[in-house]
Protein chains: 2
Amino acid sequence: MDSDLARAPGPRPAPVRWEPVAICPDTGARAGIMHTPHGDVETPAFMPVGTQATVKAMTPEELETIGAQIILGNTYHLHLRPGADLVAEAGGLHAFAHWNHPILTDSGGFQVFSLCERNQISDDGVTFRSHIDGSRHFLSPEGATDIQNKLGADIMMAFDQCAPYPSDHAYAAEAADRTYRWVQRCLGAHRRPHDQALFGIVQGSVFPDLRRRGAEQISGLDLPGVAIGGLSVGEPKPQMYDILDLTVPLLPRDRPHYLMGVGSPDCLVEGIQRGIDLFDCVLQTRMARNGTAITRRGKVVVRNAAYARDFTPLDPDCQCYTCTNYTRAYIHHLIKADEILGLRLVTWHNLAFTVDLMGQARRAIIGGRYASWKREFLSGYEVFGGKEGPPAWEERRRRSGGTGREA
Amino acid sequence: MDSDLARAPGPRPAPVRWEPVAICPDTGARAGIMHTPHGDVETPAFMPVGTQATVKAMTPEELETIGAQIILGNTYHLHLRPGADLVAEAGGLHAFAHWNHPILTDSGGFQVFSLCERNQISDDGVTFRSHIDGSRHFLSPEGATDIQNKLGADIMMAFDQCAPYPSDHAYAAEAADRTYRWVQRCLGAHRRPHDQALFGIVQGSVFPDLRRRGAEQISGLDLPGVAIGGLSVGEPKPQMYDILDLTVPLLPRDRPHYLMGVGSPDCLVEGIQRGIDLFDCVLQTRMARNGTAITRRGKVVVRNAAYARDFTPLDPDCQCYTCTNYTRAYIHHLIKADEILGLRLVTWHNLAFTVDLMGQARRAIIGGRYASWKREFLSGYEVFGGKEGPPAWEERRRRSGGTGREA
């Protein structure tokens with residue numbers, strides 16, 4: 001095999017490599033191609049979230065149809081159910097879920113801190129209780145790495161400690177430092193560096209000094225990719241953008257940059273402008289299940305009675321399957337009648353819209369006109385769900401039945 | 001247009017015509033083609049049930065893929081939500097639901113007698129309370145016909161009174177006689193005889209004399225199709241077969257014969273043998289939502305723990321999308337995790353299996369070997385859910401949250 005031959009003369013090539021295609025001359029926006037063992041991903045890219053080995057309500061073929069090139073799986077959820085050993089027995093997550101394209105798995109760190117009550121954190125790892133049955137579990141950098149090696153995703157994330165918002169400086173510093181110690185243990189435990197790439201995560205909450213130090217530390221590890229975690233957890237959006245402004249320039253320029261858990265259209269275009277290549281978010285699928293479409297103009301709560309006799313598409317500017325074939329009135333009816341097709345159609349649209357938006361952004365970067373494209377997009381788009389009045393972490397968890405991040 | 005030209009010289013042709021293709025030499029099984037304004041239906045045919053203007057969990061394209069040629073809509077449900085006027089405004093049920101193939105709508109009679117508490121029956125019609133919000137409604141032969149004219153299905157059903165099982169002879173006779181009076185009022189109220197066919201229904205419970213009289217009465221009306229209602233409502237299967245044995249031969253031989261609400265594989269092949277051309281049932285979609293697959297060998301309760309590590313398809317003999325691409329272990333996981341894809345995949349299989357079974361039966365009839373094909377099929381198939389110990393009507397309603405017939 002090629003990869004075996006390549007090992008002989010020098011260091012083995014990383015299983016995931018990011019190749020630049022174009023850099024916007026006016027902003028930091030980057031277009032590229034990320035090569036992975038299961039195929040290429042054109043960046044910037046949005047990763048639909050497949051928490052439990054399925055992107056909610058979608059088949060793999062439908063994801064292909066909308067142009068999704070990579071999906072995300074959640075280590076925490078898959079560890080608890082059906083278990084990594086069963087997934088390995090099935091041939092890994094790709095075979096289990098019938099998705100033969102790139103997959104990224106997170107580390108479970110975010111979930112054990114946000115989904116689980118009464119977790120106990122030490123340098124060893126985290127003891128937590130399952131949100132499914134209350135059973136007690138322990139997750140460590142080594143354990144999270146082992147699980148991810150069994151799942152077999154193209155990209156694995158280092159086990160990290162995500163500080164809630166707001167946190168004080170001392171707590172955020174401790175979490176960021178622990179995250180750095182843990183990524184090194186993940187590297188030591190990683191059994192499949194030849195075909196799975198381990199990405200590190202920069203934490204540090206909203207504190208510039210912590211973010212700077214984290215970015216420099218992670219950059220020293222020569223990882224195939226780096227992520228920014230601990231944002232979009234309740235802080236105001238301008239503060240998130242400030243943190244990106246100072247953090248991204250400190251990351252390796254030749255590696256993919258992944259902004260975790262971010263996916264509203266305005267945040268996507270702002271993140272791209274600041275040099276982010278990869279995003280994931282449950283917003284698209286979760287809003288769909290609540291009967292809300294994300295459109296070129298902002299959100300459309302098609303569940304509302306106002307749409308009962310609206311015989312236009314969810315988004316007149318959209319060419320997706322849903323918008324080509326169905327009216328708001330029909331989808332409104334389906335949602336009111338609790339019909340599965342209703343949330344299927346809105347999910348389809350929300351994901352197709354978002355993936356298409358990333359494609360538009362990429363073409364704008366390649367065309368050297370990202371700044372003007374972004375201005376044009378935002379001028380016609382009404383931002384929703386702004387975090388200018390930031391709800392507290394706990395309040396967000398209560399309202400969403402989770403963290404706002406994981407489906 | 002052809003149909004206008006055709007009107008001039010003589011009576012206008014019926015909008016729905018059934019054309020025989022082959023009759024089995026050993027049984028009464030018939031293969032044919034039913035011509036409708038929205039295309040042809042090869043019979044015998046199974047009609048997936050789209051109660052609320054959607055076959056639960058399926059898109060129209062998926063129904064096309066599995067080979068479904070006609071679907072059923074429920075007048076009762078669509079009348080209550082979203083309302084026939086809204087559907088008419090959308091261009092009719094075909095346009096509203098993005099299904100440009102044949103549709104049959106029932107009359108609502110079955111539902112007002114089975115889903116609704118405290119209904120009041122008179123010769124005028126039925127006063128009932130909505131199962132959605134308890135609001136009071138009145139449905140008559142004229143009203144049901146008007147609603148169905150607005151929905152615009154290719155085939156409409158006459159408003160009938162379905163006697164529960166068990167009923168005494170006097171009650172069953174009253175219901176059967178009323179059903180006959182009502183079909184004549186439906187005919188009088190029918191505003192679209194040129195492009196919608198009105199089928200009549202034979203009632204009579206399990207009483208041979210009532211079934212005989214009903215069949216003879218309905219045959220005298222020269223309707224484009226006839227249905228047998230009031231079976232599969234709790235009576236033992238052998239009793240249902242006996243009623244078919246005596247009723248079907250009394251129906252017009254050149255019209256399609258529709259056995260309402262019947263759809264388990266063994267009942268389908270027995271019904272076909274007795275000269276039935278059309279079937280509908282919610283069994284396939286409802287069992288799917290309960291995590292149970294219908295296979296060549298009988299039912300597979302994939303929700304059960306026994307399938308957690310079973311890496312074979314739902315039905316190894318099936319070529320459908322689900323069985324080609326997914327394992328029982330994966331589907332089991334999806335169902336346990338309450339993932340929509342789980343019930344989508346089982347629904348797909350159950351409908352594909354059933355539609356395929358009808359195709360096999362049709363080919364066997366055309367090949368002159370229906371009796372042997374049926375014997376062979378039943379020898380490898382374990383019957384489930386038999387009604388040999390018939391649950392009472394009320395008991396069935398309580399258990400299913402409905403009638404066992406409507407999704």
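This note comments, point by point, on the predicted model shown above.

1. Relation of the two chains. Two copies of a chain are related by a rotation about an axis and a shift along it.

2. Extent of the interface between the chains. The size of an interface is often given as the accessible area lost when the parts come together. For chain B and chain A, the buried area is about 3300 Å². Carbon and sulfur atoms give 58% of that area. In terms of residues, 37 of chain B are in contact with 37 of chain A.

3. Side chains of opposite charge can pair when their charged atoms come close. The interface of chain B and chain A holds 6 salt bridges. One of these pairs is B:K56 with A:E339, whose closest N and O atoms are 2.6 Å apart. The polar contacts between the two chains amount to 20 residue pairs.

4. Which elements of chain B face chain A? At least two residues each come from α2 (60-66), α4 (84-89), α13 (321-325), α14 (328-336) and α15 (340-366) of chain B. The most is given by α14(B), with 5 residues on the side that touches chain A. By class, this side of chain B consists of 21 nonpolar, 6 polar and 10 charged residues.

5. Domains within chain A. The domain assignment divides chain A into domain 1 (14-281) and domain 2 (292-399). Taken over C-alpha atoms, the centres of these two domains of chain A are separated by 24 Å. Their contact takes 52 residues from domain 1 of chain A and 36 residues from domain 2 of chain A.

6. Area buried between the domains. Domain 1 and domain 2 of chain A bury about 3400 Å² between them, and carbon and sulfur atoms give 70% of this area. Three residues of domain 1 deserve a look in the structure: A:I66, A:P265 and A:V269. Together they supply 17% of the area that domain 1 of chain A buries against domain 2 of chain A, more than any other three residues.

7. Elements on the domain 1 side. Both strands and helices of chain A give two or more residues to the side of domain 1 that touches domain 2. The strands are β1 (17-23), β2 (30-36), β3 (39-43) and β4 (45-48). The helices are α2 (60-66), α6 (109-114), α10 (237-247) and α11 (265-273). Of these elements, α11(A) gives the most, with 7 residues. This side of domain 1 of chain A has 33 nonpolar, 9 polar and 10 charged residues.

8. Salt bridges over all chains. The count over all chains comes to 46 salt bridges. One pair to examine is A:D146 with A:R191, whose side chains meet at 2.8 Å from N to O. This pair links distant parts of the chain, 45 residues apart. A:D146 belongs to helix α7 (residues 141-151) of chain A, whereas A:R191 lies in the loop between α8 (169-189) and β11 (197-202) of chain A.

9. Backbone details. Where in chain B do cis peptide bonds occur? The bond from B:T43 to B:P44 is cis, with omega near 5°, and B:P44 lies in the loop between β3 (39-43) and β4 (45-48) of chain B. A cis bond also joins B:Y165 and B:P166, with omega about -5°; B:P166 lies in the loop between β10 (155-157) and α8 (169-189) of chain B. In chain A, A:H98 has a positive phi of about 60° although this residue is not a glycine. A:H98 is found in the loop between α5 (93-96) and β6 (103-105) of chain A. In chain B, phi of B:H98 is likewise positive, near 60°.

Terms used: Residues are numbered from 1 along each chain as its sequence is written. Chains are lettered from A and ligands numbered from 1 in the order in which they are written. This is a predicted model: local features need pLDDT of at least 70, side-chain atom pairs count only at pLDDT 80 or more; totals for chains, interfaces and linings use all residues. Side-chain values use heavy atoms; hydrogens and water are left out. Contact means heavy atoms within 4.5 Å. Buried area is the accessible area (1.4 Å probe) that two parts lose on being put together, summed over both. A salt bridge is a side-chain nitrogen of Lys or Arg within 4 Å of a carboxyl oxygen of Asp or Glu. A polar contact is a pair of N or O atoms within 3.5 Å; within protein, one must be able to donate a hydrogen and the other to accept it, and residues adjacent in sequence count only if both atoms are side-chain atoms. Helices (H or I, at least four residues) and strands (E, at least two) are DSSP runs, numbered from the N terminus. Ala, Val, Leu, Ile, Met, Phe, Trp, Tyr, Cys and Pro count as nonpolar, Asp, Glu, Lys and Arg as charged, and the others, Gly among them, as polar. Domain bounds come from an automatic or database domain assignment.
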